[in-house]
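Okay, thanks for coming, everyone. Let me put the structure up and then walk you through it.

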Amino acid sequence: MKDNLYKYILGIADNSLILGQRMGSLTGHGPSLETDIACTNISLDLFGQVRSYYQYAAKIAGDGRTEDDIAMLRKEREYVNVLLVEQPNTDFAYTMARQFLFDVYHLLLLNELQKSKDLTLSAIASKSIKEVSYHQRFSSDWIKRLGDGTDLSHQKMQDAIDALWAYTDELFHQTQADKVMVKEGVGVDVTKLKETYYKQVNEVLEEATLNIPESKYFQKGGKEGIHTEHMGYLLSDLQYMQRTYPNMEW
């Protein structure tokens, strides 16, 4: 139970950590000051949520590691985030498409996680929902704005959705730890979220005058620690300070 709970927490938290790192790297590079600040705040929200998850994970592990150790000092294969969140900030349309495709899932997950028998996870979910609701509104608005904008913005957003679509199905893949936690009434059965997820995503894409990808090819592996080539570069930035100056404290 203890080991599976630890793995289950990482399965949720790692997504927010890696996406938070991606969004944080946009600081100072947004298309406008207001949008730049919004993206930075989304990153801060995700890191705040991650801190709560990792504090709990460190308590469950009980081996002396801190939240910083769990966040910064694991090897690439020990991170279990989905492939979607590690995809690079190719351009602004790509960044917003990635955010949107994760936000819809994230909000559905947190709504269900509130019902968890684990009171700590339930509390983190309840606290995070307001933030993630804003994230979804923000990214959805940009999908519509760019999709139903100029010919160029429409094409860039369509290209981004087409490229990232292959990573969406992994959101609903269950690991062994997930299955155990669902049986215990602690975890969320993400397979039951799939239909609602694609319904909500498709509604926004249609409003944005974007084509819904027809591809049936999906990639997975992140939840098992098998990542894309982008992950190593991301971790080199994320972990630099902790690995260069061991045992550093803020």
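Leucine 17 sits in helix H1, residues 2-24; helices here are DSSP runs of H or I with at least four residues, strands are E runs of at least two, and both are numbered from the N terminus. Before I go on: this is a predicted model, so local features need pLDDT of at least 70 and side-chain atom pairs count only at pLDDT 80 or more, while totals for chains, interfaces and linings use all residues. Residues are numbered from 1 along each chain as its sequence is written, and side-chain values use heavy atoms, with hydrogens and water left out.

Back to leucine 17. Its relative accessible area is 2%, so it's buried; buried means under 20%, exposed over 50%, and partly exposed in between, with a 1.4 Å probe and protein chains only. Contact means heavy atoms within 4.5 Å, and, leaving aside neighbours within four places in sequence, leucine 17 has contacts that include Phe47, Tyr54, Tyr79 and Leu238. Tyr79 has a charge on it too: arginine 74 lies over its face, 4.1 Å from the ring centre. The rule there is NZ of Lys or CZ of Arg within 6 Å of the ring centre and within 35 degrees of the ring normal.

Also in helix H1 is methionine 23. That one is buried at 0% relative accessibility. Beyond its neighbours within four places in sequence, methionine 23 is in contact with Cys39, Ile42, Ser43, Thr95, Met96, Arg98 and Gln99.

Now the core. A nonpolar core is a set of buried Ala, Val, Leu, Ile, Met, Phe, Trp, Tyr and Cys residues joined through side-chain atoms within 4.5 Å. The largest one has 80 residues, and Tyr53, Leu113, Leu121, Ile143, Met157 and Tyr197 touch the most other members. So which helix gives the most to this core? That's H5, residues 92-113, with 14 residues. And 19 of the 22 residues of H5 are buried, so the helix is largely enclosed by the rest of the structure. At the start of H5, a side-chain oxygen of aspartate 91 comes within 3.2 Å of the backbone nitrogen of alanine 93.

Isoleucine 143, from that core list, has contacts beyond four places in sequence that include Met96, Phe100, Met157 and Val204.

Last bit, the aromatics. Rings of Phe, Tyr and Trp (its six-membered ring) pair if their centres lie within 6.5 Å; planes under 30 degrees apart are stacked, over 60 edge-to-face, and the rest tilted. That gives 8 aromatic pairs. Tyrosine 105 and phenylalanine 172 are edge-to-face, 5.8 Å centre to centre with 85 degrees between the planes. Tyrosine 105 is in H5 and phenylalanine 172 in the loop between H7 (151-164) and H8 (176-183), so the pair ties together parts 67 residues apart in sequence. Phenylalanine 172 also pairs with tyrosine 198, this time tilted, at 6.0 Å and 50 degrees. Tyrosine 198 is in helix H9, residues 194-207, and those partners are 26 residues apart. Both phenylalanine 172 and tyrosine 198 are buried. Put together, ring pairs link Phe102, Tyr105, Trp165, Phe172, Tyr197 and Tyr198 into a cluster.

Conventions
A polar contact is a pair of N or O atoms within 3.5 Å; within protein, one must be able to donate a hydrogen and the other to accept it, and residues adjacent in sequence count only if both atoms are side-chain atoms.
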